[in-house]
Amino acid sequence: MTTLTKIGVAAALVVSGLTVAPTAQAAAPELSPGLLTAMRTAFGLTESQALARIEREHAATRKAPEARAAAGRSFGGSWFDQDQGVLVVGVTDRAAAERVEATGAQARLVSRTAAELDRVKDRVDDLSRAGRVPAAVTSWHPDPRSGAVVVDVQPGVQTAEVARFLAEARELGPVEVNTEGVTAPVPFAAGTVGGDPYYTGNVRCSIGFSVHGGYVTAGHCGGTGAQVYGWDRSWQGQFAGSSFPGNDYAWVRTGGGWWNVPVVLGWGTVPDALVRGSWEAPVGTSVCRSGSTTRWHCGVIQSRNETIHYAQGDVHQMAGTSVCAEGGDSGGSFITGDQAQGVTSGGYGNCSSGGRTWFQPINEILSVYGLRLLTA
């Protein structure tokens with residue numbers, strides 16, 4: 001059983017019997033202990049099925065860049081087929097399909113390229129900037145499988161305003177409407193309560209991933225210069241950069257004797273996970289989230305490059321998931337296997353009845369601020 005201790009002053013993490021001190025760099029097993037148990041619980045798999053899925057997702061994640069390059073301008077998006085356990089790459093011509101299949105990925109002919117769908121999505125973003133997206137519309141994202149931009153609309157709110165917006169959106173390109181399970185999203189920050197992991201003002205949020213010099217988290221948790229206090233209320237650092245809305249990311253430069261380790265807390269549900277990189281997992285792959293309110297939960301990546309229509313303003317280039325979350329989970333870690341995926345932004349629902357949650361992809365945050373992910 002993994003021992004969970006706070007990441008703070010004079011603390012160390014014991015990960016499956018391996019003590020990670022501030023300056024220690026210890027080797028870790030290729031597969032984090034407890035990951036199979038977590039996968040079995042989240043997806044109802046046997047141990048052998050869970051192991052097979054992890055291996056196939058790992059292979060698909062690493063194959064994706066090569067397969068995309070092979071598709072060239074014909075690239076129509078990619079996704080992980082959960083039933084077949086393979087990476088599928090959409091292409092708009094047969095020559096590209098042959099090049100893609102030569103990489104070991106499966107090719108599928110689609111009606112539009114990813115670039116075409118992205119342009120339609122960007123035009124809907126422009127409608128939102130002009131104030132022409134009603135509150136009943138919660139998000140929109142390109143879907144390579146349908147060859148359209150999917151617009152999520154709350155059910156039972158089919159007003160004349162919504163109808164006008166959808167008519168205008170359809171003039172921009174292919175648009176499909178989804179109302180199943182849609183609720184208005186909200187950022188997952190929370191008022192101050194006792195517990196983990198950090199506080200700024202009267203807001204509690206969650207640490208995302210350690211970087212050299214600090215950690216990344218959600219932008220709506222605090223503005224640049226805001227002071228941050230750890231789980232024990234001692235001074236932890238300050239927001240060195242923050243962006244929300246538009247984006248939902250930030251990074252905290254730590255001080256006051258705090259240090260950073262490449263670990264995501266498993267909260268006793270699974271052993272703490274070591275972070276070894278940030279390969280971007282395709283749509284359809286499994287992902288788990290760690291946060292200070294609801295702790296550890298898993299699901300599937302459902303979308304990429306999605307725009308979220310929060311009341312505070314739009315947030316772009318998000319990834320949508322089937323993972324639940326609640327207030328206070330904001331900023332927390334999304335991880336697939338041992339690869340960092342992003343930080344929790346917001347969503348709808350809860351971890352009793354279920355819901356949907358979005359994360360801000362990690363590699364964009366690292367690039368914007370010139371940060372280096374801390375890895376095991």
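Tutor: Start with valine 91: its bridge partner in β5 is leucine 109. The model is predicted: local features need pLDDT of at least 70, side-chain atom pairs count only at pLDDT 80 or more, and totals for chains, interfaces and linings use all residues. Residues are numbered from 1 along each chain as its sequence is written, and side-chain values use heavy atoms, leaving out hydrogens and water.

β4 and β5 pair in the parallel sense, over 4 bridges. Pairing requires at least two DSSP bridges between two strands. Strands (E, at least two residues) and helices (H or I, at least four) are DSSP runs, numbered from the N terminus.

On to β3, residues 75-81. Antiparallel to β4 (residues 86-91), β3 is joined to that strand by 5 bridges. Tryptophan 79 faces valine 88 of β4. The two strands form a hairpin with 4 residues between them. In the turn, glycine 85 has a positive phi of about 70 degrees. Of the 7 residues in β3, 6 are buried (under 20% relative accessible area; exposed is over 50%, partly exposed in between; 1.4 Å probe, protein chains only).

Together this is an open sheet of 3 strands, ordered β3-β4-β5, with mixed pairing. β3 and β5 (106-109) are the edges; each has a single partner strand, so one side of each lacks a neighbour in the sheet. Neighbouring strands are turned by 25 degrees against each other on average, direction ignored.

Helix α3 lies across β4 and β5, at about 165 degrees to β5. Contact means heavy atoms within 4.5 Å. Axes are lines fitted to C-alpha atoms, for helices over the stretch in contact; angles run from 0 to 180 degrees between N-to-C directions.
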